[in-house]
Amino acid sequence: DPQQLDLATSSKRKLRRFIVIDEVVDELYGSKVREYFEKNNVQHKILALPTTEETKSMDLVLKILQEVQKFSIDRRTEPIIAIGGGVCLDIVGLAASLYRRRTPYIRVPTTLLSYVDASVGAKNGVNFLQCKNKLGGYTPPVASFLDRSFIQSIPRRHISNGLGEILKMALMKHKGLFDLLKSHGKYLLDTKFQSYSGSADHGDAALQTTRIAIETMLEELAPNLWEDDLDRLVDFGHLISPELEMRVLPSLMHGEAVNIDMAFMTYVAHARGLITAEEKEQIIQCMRGLELPVWHGGCSWTLIKKALMERLKHSGGQPRMPLPTGLGVAEIFNDTSEETLERAYKLWVRD
């Protein structure tokens, strides 16, 4: 809107921004963020908060909204900015969607997981009554700003955690991405997804990996942003993991729980004859190479059955189970018998 642009750039009115930043990110980058706004003569309020799965609640949303109200933003020209991991982006997205019914917001992901996953799509939400993302909505951000330099300061385990969601897209949609992860996984972990000119043997594996992961995610999400169609390949790894993740908090991170779910479903795919024993082994070895857990004691047969019952409730009475039918190809199945699931579970436990 040219009028809004004029208003924003005219010297008569000072630019104003309300920023929510994860408190750990604030310790590392807060001074740079403040310096940026000061240099650009932007009046700003920075709210640093603990944004973890345990604090991902409506209480935190309301705390943000109280501060937004005090700062008093223009809901059309002053987007709220979220700087942090997936939890931070989810909470701020929900807060923005509620304030004056819909206030624009910008996502700045600072972890690998949020870079390839939470930065893409329209969903936001918080946990409620021990259920993951039970409250939320679909309000896309006006922009996502992606900067891989944030990833260099996160611990190795967090990078591995993000690789879980990248592997999901590889297994569902892109054999080339799977091959990249298999060949360069350790290198990506060692270099923390930074690009170096002296890494000829690896090409720019970090750029290729993140770009393909985001593009394949967008291909899946864009035509079905509001999830009118419940058959979603991106749900791979998300049938059992929500139940497992909330049950064992904080021992598993999101991408780790997703990977455990994917490991079990790989056994299900093999038990159904969709993939060969060699393909199953390649997938499990790739997971191990990415330093992701392929098993957790909390993932009992009872938990799996309960999680799949929950799935039926929320997906129109069908399991809508995405399963690999090869490396980088997949389909959605509604006819996996309990006997097949139990057989797959026993083999998984044995291995």
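1. Helix α9, residues 241–248, is mostly covered, with six of its eight residues buried. The model is a predicted one. The buried positions of α9 are Ser 241, Glu 243, Leu 244, Glu 245, Met 246 and Val 248. The cover over these residues includes β5, β6, α10 (254–271) and α12 (301–314).

2. To the contact between them, domain 1 brings 23 residues and domain 2 brings 31 residues.

3. How much area do domain 1 and domain 2 bury between them? The value is about 2300 Å², and 67% of it lies on carbon and sulfur atoms. Accessible area lost when the parts come together is a figure often used for the size of an interface.

4. Polar links also cross this interface. Seven residue pairs, both residues at pLDDT 80 or more, are in polar contact between domain 1 and domain 2. On the domain 1 side, the elements that give two or more residues are α5 (112–118), β5 (123–128) and β6 (131–138). Among them, α5 gives the most, with five residues. Sorted by class, the side of domain 1 that touches domain 2 holds 11 nonpolar, five polar and seven charged residues.

5. How many salt bridges does the rule find across the interface of domain 1 and domain 2? The count is two. As for a salt bridge that can be located by residue, the side chains of Glu 227 and Lys 123 form one, with an N to O distance of 2.8 Å.

6. Gln 194 deserves a separate look. Gln 194 sits in the loop between α7 (175–191) and α8 (205–221). Is Gln 194 buried or exposed? Its relative accessible area is 11%, and the cut-off for buried is under 20%, so Gln 194 counts as buried.

7. What does the side chain of Gln 194 reach? The side chain of Gln 194 comes to 2.9 Å from the backbone oxygen of Arg 148. Apart from neighbours within four places in sequence, the residues in contact with Gln 194 are Arg 148, Ser 149, Ile 151, Gln 152 and Ala 206.

Technical notes. Residues numbered from 1 in each chain as written. Predicted model: local features only at pLDDT ≥ 70, side-chain atom pairs only at ≥ 80, totals over all residues. Heavy atoms only, no water. Contact = heavy atoms within 4.5 Å. Buried area = accessible area lost by both parts, 1.4 Å probe. Salt bridge = Lys/Arg side-chain N within 4 Å of Asp/Glu carboxyl O. Polar contact = N/O pair within 3.5 Å; in protein donor to acceptor, adjacent residues only side chain to side chain. Helix = DSSP H or I, 4+ residues; strand = E, 2+ residues; numbered from the N terminus. Nonpolar A, V, L, I, M, F, W, Y, C, P; charged D, E, K, R; others polar. Buried < 20%, exposed > 50% of the residue type's maximum accessible area, 1.4 Å probe, protein only.
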